[in-house]
Amino acid sequence: LQQSKLKAPDVLFLDVEMPDQTGFELLQTLRKNKLFPIAVYVTGFEHYAIKAIRDSALDYLVKPVDIDELKRTISKIKDTIQKPLLADEIDKLSILTSAEKEVLKHLTCGCTSQEVANKMNLSINTINTHRNHILHKMDCRSILNVLHKIRIGH
């Protein structure tokens with residue numbers, strides 16, 4: 001928990017049953033702290049799978065983990081991280097201004113702040129101000145967290 005708060009991971013592989021708390025409790029605590037990592041549960045218990053799905057886990061692997069299943073999970077993670085949001089998903093975010101939505105669309109496609117500034121003919125300071133407003137309004141600590149938060153419907 002402390003390392004996750006410090007490093008703000010984009011992806012977490014979690015066990016369900018851990019010494020101090022469950023993986024579900026850990027993920028819930030992280031979300032309360034404005035962290036929305038992609039979650040993959042790796043456990044010896046099959047009966048938690050439905051709860052993991054309801055908890056917006058990307059995947060659920062049962063130990064011992066089959067290497068081909070792990071490869072498929074890693075591909076899902078890559079697809080989730082690399083796949084840009086559709087414009088209409090961003091447009092539905094009524095909390096953001098039109099300029100913030102445009103900046104977010106560029107950022108979720110992998111553009112740097114400087115690239116967005118060049119495309120929008122704005123200063124990098126203006127883009128970074130929009131980026132900070134997006135993070136604040138979406139209650140997240142990274143653009144990837146914003147992307148994942150939108151995808152899981154929070």
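Trainee: What's in the chain, in terms of helices and strands?

Mentor: The chain has 9 helices and 3 strands. Remember that the model is predicted.

Trainee: In what order do the elements run?

Mentor: From the N terminus, they go α-β-α-β-α-β-α-α-α-α-α-α.

Trainee: How big a box do the C-alpha atoms fill?

Mentor: Roughly 55 × 30 × 25 Å, taken along the principal axes. The accessible surface is about 8900 Å². Carbon and sulfur atoms account for 52% of that surface.

Trainee: And what share of the residues is buried?

Mentor: Of the 154 residues in the chain, 40% are buried.

Trainee: OK, the sheet. What is the strand order?

Mentor: It is an open sheet of 3 strands, ordered β1-β2-β3, and the pairing is parallel. The edge strands are β1 (11-14) and β3 (59-62), and each pairs on one side only. On average, neighbouring strands are turned by 20° against each other, direction ignored.

Trainee: How many bridges join β1 to β2?

Mentor: There are 4 bridges, and β2 covers residues 38-43. For a landmark, find L14, which stands opposite Y41 in β2.

Trainee: New topic. Which residues of α7 are buried?

Mentor: In α7 (residues 113-120), look at S113, V116, A117 and M120. These four cover an arc of only 100° around the axis, so they sit on the same side of α7.

Trainee: Why would residues spaced like that point the same way?

Mentor: An α-helix has 3.6 residues a turn, so residues three or four places apart point the same way.

Trainee: Which residues are exposed on the other side of α7?

Mentor: N118 and K119.

Trainee: And what covers the buried residues of α7?

Mentor: The cover includes α6 (98-108) and α8 (124-138).

Trainee: Now salt bridges. How many does the structure hold?

Mentor: It holds 6. One of them joins α6 and α8 through E100 and K137. The N to O distance there is 2.8 Å.

Trainee: Is E100 buried or exposed?

Mentor: E100 is buried, with a relative accessible area of 2%. K137 counts as partly exposed, at 29% relative accessibility.

Trainee: What does K76 pair with?

Mentor: K76 forms a salt bridge with D59, and the closest N and O atoms are 3.1 Å apart. K76 lies in helix α4 (residues 67-82) and D59 in strand β3, so the pair ties together parts that are 17 residues apart in sequence. K76 is partly exposed at 35% relative accessibility. D59 is at 16%, which counts as buried.

Trainee: Which residue forms a salt bridge with D55?

Mentor: R31 does, with the closest N and O atoms 3.7 Å apart. D55 is in the loop between α3 (49-54) and β3, while R31 is in helix α2 (residues 23-32). The two are 24 residues apart.

Trainee: Are D55 and R31 buried or exposed?

Mentor: Both are buried.

Trainee: Last one. What share of contacts joins residues at least 24 apart?

Mentor: It is 53%, counted among contacts between residues at least 6 apart in sequence.

How values were computed
Residues are numbered from 1 along each chain as its sequence is written. This is a predicted model: local features need pLDDT of at least 70, side-chain atom pairs count only at pLDDT 80 or more; totals for chains, interfaces and linings use all residues. Side-chain values use heavy atoms; hydrogens and water are left out. Two strands pair if DSSP finds at least two bridges between them. Axes are lines fitted to C-alpha atoms, for helices over the stretch in contact, and angles run from 0 to 180 degrees between N-to-C directions. Buried means under 20% relative accessible area, exposed over 50%, partly exposed in between (1.4 Å probe, protein chains only). The arc is that of the directions from the helix axis to the C-beta atoms. Contact means heavy atoms within 4.5 Å. A salt bridge is a side-chain nitrogen of Lys or Arg within 4 Å of a carboxyl oxygen of Asp or Glu. Accessible areas come from the Shrake-Rupley method with a 1.4 Å probe; for residues, only the protein chains shown count as cover.
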